Number of protein chains: 2
Amino acid sequence: MHSIEPTLSHLQHDIDQWLQAIKRSDLAAIRSHYAEDVRAFDAIKQLQFKQADYFAHWQQCLEFCQNHVAFDLQDIQIRHSADLAIMHALLYCAGVNDKGEVQGCWMRVTQAWQQQQGQWRIFHDHFSVPFDMVSGAALFNLQPDAA
Amino acid sequence: MHSIEPTLSHLQHDIDQWLQAIKRSDLAAIRSHYAEDVRAFDAIKQLQFKQADYFAHWQQCLEFCQNHVAFDLQDIQIRHSADLAIMHALLYCAGVNDKGEVQGCWMRVTQAWQQQQGQWRIFHDHFSVPFDMVSGAALFNLQPDAA
């Protein structure tokens with residue numbers, strides 16, 4: 001198993017770099033972590049986003065969330081082979097609204113990475129919030145401890 | 001690449017068997033496709049379900065959806081190595097309500113499989129429906145063509 005330890009440490013480093021790019025709203029740096037043929041299931045708006053459309057969507061999200069104060073992973077699990085990896089985690093997103101109040105919620109993220117030419121690239125994202133069966137409303141008040 | 005073709009055909013067969021088990025509401029057969037340490041992000045109720053809790057949840061879902069008429073994947077993408085695989089697809093779920101009307105919606109599913117002792121097992125599920133940013137309501141009327 002020692003031979004694949006560098007794989008995991010490279011991947012953890014890249015996941016951290018991806019998070020840092022989001023925290024500073026750096027679209028070019030965010031995009032550098034993705035494969036060109038990415039297909040994403042985001043938490044909002046559409047069933048799926050493919051390739052360049054996904055980065056236009058990322059740009060809109062960054063503009064919308066200019067006052068974000070948290071984008072943090074918790075309870076991260078990673079499984080990988082030499083060139084394929086899957087990461088799933090809980091994700092806490094928070095921002096400051098017009099009244100200066102911090103508003104946040106817990107979400108889930110699943111992410112698939114492949115090593116291409118020596119670099120790990122994300123080829124699939126899945127972000128979501130569960131919904132309530134009765135009201136059909138997204139459940140923004142769930143807490144990890146209650147899961 | 002020829003050496004891993006059997007891997008893909010076995011996996012496709014197992015995904016098909018998993019779908020068939022759901023269609024006939026066979027919890028034991030559904031469960032046989034999962035690893036014991038599965039962690040799932042379902043579309044409803046909670047942030048996550050782990051291990052045996054997930055099958056108690058599956059049982060409730062099967063009881064709730066006794067009149068389901070569709071659980072079909074579309075636009076399936078699979079990427080795999082010798083012992084790790086990720087599948088993502090759009091999912092059409094439909095059932096018959098109390099009035100005899102068919103009600104359905106499009107969802108998304110991401111699934112991670114690992115080969116253990118010669119068998120493919122699901123160790124992670126992520127099902128979801130996107131929500132509307134303004135109303136906070138889950139978007140049950142999205143169509144694949146509009147994605």
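Which residues does B:V69 touch, not counting residues up to four places away in sequence? They are B:A94, B:G95, B:V96 and B:V102, where contact requires C-beta atoms, placed from the backbone, to lie within 7 Å.

Colleagues, this is a predicted model, in which local features need pLDDT of at least 70, side-chain atom pairs count only at pLDDT 80 or more, and totals for chains, interfaces and linings use all residues. Residues are numbered from 1 along each chain as its sequence is written, while chains are lettered from A and ligands numbered from 1 in the order in which they are written.

B:V69 belongs to strand β3 of chain B; strands are DSSP runs (E, at least two residues), numbered from the N terminus. Its C-alpha atom is separated by 7.7 Å from that of B:C93, 24 residues apart along the chain.

I turn now to chain A. Its open sheet of six strands runs in the order β2-β1-β6-β5-β4-β3, with mixed pairing; two strands pair if DSSP finds at least two bridges between them. β2 (49-50) and β3 (68-80) of chain A stand at the edges with a single partner strand each, so one side of each lacks a neighbour in the sheet. Strands β4 (residues 84-96) and β5 (residues 102-116) of chain A pair in the antiparallel sense over 13 bridges. A:L91 has A:M107, in β5(A), as its bridge partner.

Finally, the two chains meet: 38 residues of chain B are in contact with 39 residues of chain A. On the side of chain B that touches chain A, β5(B) gives the most, with five residues.

Conventions. Helices (H or I, at least four residues) and strands (E, at least two) are DSSP runs, numbered from the N terminus.
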